[in-house]
Amino acid sequence: MTCKAEGVAAAVRAAAAVVAEHRAELVELDRAIGDGDHGENLNRGFTAVVAALDAGAPDTPGGVLKLVATTLISKVGGAAGPLYGTAFLRASAKLGAAADLDVPALLDALRAGLEGVQARGKAVGGDATMVDALIPAVSAAEKAAEDGGDVAAVLTAAADAADRGAESTVDLVPRKGRASYLGERAVGHLDPGARSSALLLRAFAEAAR
Amino acid sequence: MSVGIVLVSHSAKLAEGLAELAAQMAPDVTIVPAGGLSDGSIGTDYDEVVAATQRADRGDGVVLLYDLGSAQMTAELAVESLADPSAAIVADGPLVEGAIAAAVAAQAGQDRKAVAEAAAAAGIPEDLEPAEATAGGAEVELELRNDVGLHARPAAVLVRTLSEFDAEVTVRLGDQEADGRSVLALMSLGARQGDRILLRARGPQAAAALQKAKELVDGNFGE
């Protein structure tokens, strides 16, 4: 099973809906340990993404992801803009002009996205960031692919692992971003970026089913 | 021409105020504030940072400074998106002190790498090595009679003046010694009105540099 540009665009729209639905939750999570704008910023970004898709969706999966990247970079303030923007941009570059997104391409895109986030944010696993959701997600995706999973199965495995990874940030002392200024006081809080990463992957997985 | 400077901040007021402050020390340097979002709220605007970087480049490249981590990421992303990413450098350093140090270095005609290093070094003012005795050099003792002593503007004027000479100059006040190329180091001496500072110079134009410095001090830095 593969996925074409329309499928990717549909998944992005689903992600936008999920972000809108969880806007208040992300604001609350961020208010506890950051500046409280994560839900608002992400929602503004994805609203603009949907508007851009409405205005004319690109005809390759890579093209769709590039549109998502440039829109998020421009519309999302805070750290999430450059981080998600870089992730989608690197993923899009990996996909190139291919018309179909198959499992190997999906894995490449996920890996490139994670590498982009790590390069941009200079965070490693255990820093209590979105990386803590994305690292296990990519590993789980690789494993699901080895086991013969299709695009939907790979994304579902990634989303499941991202959920667990995001939960793990509750016990961590943040070492990046504004939450790091709180040190030990941030323990007990779910990282908003890890949560939004898990939400996005879940939305992609649901859309691929 | 000189290296341009972009100040990337979450706050438009912070970036604008700092640009105004830094411009006092570096009147010929293009310093472009890129703060806040387009609607006036707090955040960093990628498009504005890209535009500011293009505007600040007068041919010698640009150094960008930032306030918090996400401003750093936005700045780095903006640099990567340039037609020639090597034309701009995101400098690590404290925003305020770094901007002043970078502006003065740019005013002195230093290249973008040196300007970025000046910004980065502004974060570690204690990184002053005691200067060796100035064998074969020249020295002059001067009394500061201007109101504010070796404060920001006079220090910047002195650095700018000394940078025109092929000479290494150190400024001593009591036990402390500062590099004559560093505004922040000079300011950290805390030399006030009535203090006597000792300038030592080495290099081909040592004497001329000290003569010019003497004129500046005697003329109360033009105040």
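Modeller: The questions and answers below concern a predicted model.

Biologist: How many residues of chain B are in contact with chain A, and what area is buried between the two chains?

Modeller: On the side of chain A, 15 residues take part in the contact. Carbon and sulfur atoms give 55% of the buried area. The count for chain B is 13 residues, and the area buried between the chains is about 1,200 Å².

Biologist: Which residues of chain B lose the most area to chain A?

Modeller: Three residues together account for 42% of what the chain B side buries. They are B:Leu68, B:Met73 and B:Leu77.

Biologist: What is the distance between the closest N and O atoms of B:Glu80 and A:Arg90?

Modeller: Across the interface of chain B and chain A the rule finds four salt bridges. B:Glu80 and A:Arg90 form a salt bridge, for which the cut-off is 4 Å. Their closest N and O atoms are 3.9 Å apart.

Biologist: Which helix gives the most to the side of chain B that touches chain A?

Modeller: Four residue pairs are in polar contact between the chains, both residues being at pLDDT 80 or more. Helices α2 (46-56) and α3 (69-81) of chain B each supply at least two residues of the side that touches chain A. With seven residues, the helix that gives the most is α3(B).

Biologist: How do the residues on that side of chain B divide by type?

Modeller: The grouping is into nonpolar, polar and charged residues. The numbers are five nonpolar, five polar and three charged.

Biologist: Why is β3(B) largely enclosed by the rest of the structure?

Modeller: On one side of β3(B), B:Val62, B:Leu64 and B:Tyr66 are buried, and on the other B:Val63 and B:Leu65 are buried. β3(B) is largely enclosed because the buried residues number five of the five.

Biologist: Which strands pair with β3(B), and in what sense?

Modeller: β1 (4-9) of chain B pairs with β3(B) over five bridges, and B:Val6 has B:Leu64 as its bridge partner. β4(B) pairs with β3(B) over three bridges, with B:Val63 opposite B:Ile89. The strands are β1(B) and β4(B), each paired in the parallel sense.

Biologist: What do the buried residues of α5(B) pack against?

Modeller: Helix α5 of chain B spans residues 112-121, and its buried residues are B:Ala114, B:Val115, B:Ala116 and B:Ala119. In chain B they pack against β3 (62-66), β4 (88-90) and α4 (95-107).

Biologist: Is A:Ala128 buried or exposed?

Modeller: A:Ala128 lies in the loop between α6 (103-121) and α7 (131-146) of chain A. Its phi is near 65°, a positive value in a residue other than glycine. Most residues other than glycine have a negative phi. The relative accessibility of A:Ala128 is 5%, so A:Ala128 counts as buried.

Biologist: What is the relative accessible area of B:Asn220?

Modeller: B:Asn220 is in the segment after α8 (206-218) of chain B. B:Asn220 also has a positive phi, about 55°, although it is not a glycine. B:Asn220 is partly exposed, and its relative accessible area is 24%.

Biologist: Which residue is joined to A:Ser196 by a side-chain polar contact?

Modeller: A:Ser196 is in helix α9 (192-208) of chain A and is buried, with a relative accessible area of 1%. Leaving aside neighbours within four places in sequence, A:Ser196 is in contact with A:Leu26, A:His38, A:Leu42 and A:Tyr84. The polar contact, of 2.7 Å, is with A:Tyr84.

Note on methods: Residues are numbered from 1 along each chain as its sequence is written. Chains are lettered from A and ligands numbered from 1 in the order in which they are written. This is a predicted model: local features need pLDDT of at least 70, side-chain atom pairs count only at pLDDT 80 or more; totals for chains, interfaces and linings use all residues. Side-chain values use heavy atoms; hydrogens and water are left out. Contact means heavy atoms within 4.5 Å. Buried area is the accessible area (1.4 Å probe) that two parts lose on being put together, summed over both. A salt bridge is a side-chain nitrogen of Lys or Arg within 4 Å of a carboxyl oxygen of Asp or Glu. A polar contact is a pair of N or O atoms within 3.5 Å; within protein, one must be able to donate a hydrogen and the other to accept it, and residues adjacent in sequence count only if both atoms are side-chain atoms. Helices (H or I, at least four residues) and strands (E, at least two) are DSSP runs, numbered from the N terminus. Ala, Val, Leu, Ile, Met, Phe, Trp, Tyr, Cys and Pro count as nonpolar, Asp, Glu, Lys and Arg as charged, and the others, Gly among them, as polar. Buried means under 20% relative accessible area, exposed over 50%, partly exposed in between (1.4 Å probe, protein chains only). Two strands pair if DSSP finds at least two bridges between them.
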